[in-house]
Amino acid sequence: MKVAEMRMLRWMCGLTRGDRVRNETIREKVGVTSVECKMREARLRWFGHVKRRGMDALVRRCERLALDGFRRGRGRPKKYWGEVIRRDMEQLQLTEDMTLDRKLRTFLIRNGLSTLFKEGPSAYKAYYLRQMKIWNTSAAKQRELSKMLDEWAVYIRRKYGNKPLSSSTYLSEAEPFLEQYAKRSPQNQALIGSAGNFVKVEDFMAVVEGEDEEGDLESMKDIAPSSPSITTKDMVAKNEGLIVFFPGIPGCAKSALCKEILNAPGGLGDDRPVHSLMGDLIKGRYWQKVADECRKKPYSIMLADKNAPNEEVWRQIENMCLSTKASAIPVIPESEGTEINPFSIDALAVFIFRVLHRVNHPGNLDKSSPNAGYVMLMFYHLYEGKSRQEFESELIERFGSLVKMPILKPERSPLPDSVRSIIEEGINLYKLHTNKHGRLESTKGTYVKEWVKWEKQLRDILLGNSDYLNSIQVPFEFAGKEVIDQLKAIARGKYSAPTSEKRKLGSIVFAAISLPVPEILSLLNDLAQKDPKVGNFLKDKSMESSIQKAHLTLAHKRSHGVAAVANYGSFLHQKVPVDVGALLFSDKLAALEAEPGSVEGEKVNSKNQWPHVTLWTGQGVAAKDANTLPELLSQGKATRVDINPPVTITGTLEFF
């Protein structure tokens, strides 16, 4: 192959072997990569694709085939594909671990499910740590992945209890989990990487500014935080903007409501202009355009005429409020909901019925859409997993207010059996479809015929019950007036936010495990006696007066959101063991690396990328800068002293 390649290159240069020009000179002249390198590149690219597939994929099964009675021919045997790949990796000094980032996530999440459900979180942790060790995963990567997988274990067990999740449906749960995990921080985004096309590159994490907000250190305990934050409030200041958005489902009349608000005499009762941005008419990133408009018109009221269905969008709106100094008010359709969805079957039937009466809708979701029912079910399932109470509490916690739009009359006759049956049949078909095909359109896949049949029956049954479905709806004029009155009350400050379960926790800033200072000081004294480096570092530091409090921060409202902090409510005031594994220090910072343990068998996970206890900072250095110690260590600008075995200190989980 090399001979033929060089013959062609010489021919291109008008040379022959008799000209005695070196091969390297010819290659440099033509500037062409060797065929061998390109073939190696293609082999390794395919190797990466193969290793990222699940073990049940056909291409992976071929690796495990055993060929009975197979004999190689005479002469030097041809190399197997795996042997060629190993040679390629050796030449490039690659390791298989470099190709396994996505495999680690998918393989450990999927194949570990049986261990998690049958034997519990402890056995699951032992399983994935064993697998990482087998794959020679680095210690740093192990810590990152362990944090993610522990959260996955808590998430999936809370949702399914002890009911095992089949491997055929795990992706429908894993994808949204990984998507949300990636968006919490740049570090998480880097860890998740390109784990499927559902992960976007935007960073939705709020930036924490200001000094030692947690009050650990004597020198900074009186410094107030300087960055803006989203707080739960009962009125909207006149010197800031307002964003009205709609966590709902198509057919809830949000566009008609926006027109009603725009045409209302006097707007919302103050002098701020009202604008609307219709999502169906915006191409590209809608919420970015909303943010741009809010910056151009900072003291206006923006009606975000687009469905805002889940935490992903809510987090964008939170960050938009931070960047534009605006407040946000969610307007939701009123509904009883079910145990696992904030919208009832009755409400869903009405929403679909309304959509099927649309004509020439700008979003192409109307009576002429052949898969309108499927699209409505897709929106409905974006809220899956939340009861009505959880749904409302989450919005109140995030935005401090909530407006409800009446949809159905309280006193109404039950939903006809035919209507309920066709809706429930569609929900079951949707689950079958997504379990097998994920987010594939209903016009593709195994259940195409079933979808076509169901869509036709859905139209026939809903249109056949038009009188009933029209009779149970609240008149739009009344619903619109109710919403406008509630919005005006908020704008005027005559509004009291409902009490949610999370809000009962009070006005919290962060969740942390408080550790006894005497035990921290005793640990430092022991380290100073055993290690001269620690002794030299501590000798001119007055740690007894510097450390006023010692705690391991789990989540901060600024960085992770109110909901993330409030999620630790189940552990409030409980004793939590903390394993202290190392002391890291530089010329301006010192902190203990720590890992929280379990409470009654349930792991307490820190939302921070590097869980630690801040001990000391130099003059003019913020306590939050202790987060940079691992990076300083990698740059040779910090020192690490391992504590082996780790020392366990028990503290109490508190809100501050």
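Colleague: What makes you say that H15 and H18 meet, and which residues do it?

Modeller: Contact here means heavy atoms within 4.5 Å. By that rule, Ile-345, Asp-346, Leu-348, Ala-349 and Ile-352 in H15 meet Val-419, Arg-420, Ile-423 and Ile-427 in H18. These residues divide into seven nonpolar, no polar and two charged. For the sorting, Ala, Val, Leu, Ile, Met, Phe, Trp, Tyr, Cys and Pro are nonpolar, Asp, Glu, Lys and Arg are charged, and the others, Gly among them, are polar.

This is a predicted model, where local features need pLDDT of at least 70 and side-chain atom pairs pLDDT 80 or more, while totals for chains, interfaces and linings use all residues. Residues are numbered from 1 along each chain as its sequence is written, and side-chain values use heavy atoms, with hydrogens and water left out.

Colleague: What makes something a helix or a strand here?

Modeller: They're DSSP runs, numbered from the N terminus: helices are H or I with at least four residues, strands are E with at least two. This chain comes to 27 helices and 13 strands.

Colleague: Why are H15 and H18 called roughly perpendicular?

Modeller: Their axes come within 10 Å and cross at roughly 90 degrees. Axes are lines fitted to C-alpha atoms, for helices over the stretch in contact, with angles from 0 to 180 degrees between N-to-C directions. Under 35 degrees is roughly parallel, over 145 roughly antiparallel, 65 to 115 roughly perpendicular, and the rest oblique. So the pair counts as roughly perpendicular.

Colleague: How do you know whether Ser-344 is buried or exposed?

Modeller: Buried means under 20% relative accessible area, exposed over 50%, partly exposed in between (1.4 Å probe, protein chains only). Ser-344 has 5%, so that residue is buried. Ser-344 sits in the loop between strand S4 (326-333) and helix H15 (345-355).

Colleague: And what about Pro-414, buried or exposed?

Modeller: Pro-414 has 70%, so it's exposed. Its loop runs between strand S5 (403-405) and helix H18 (417-437).
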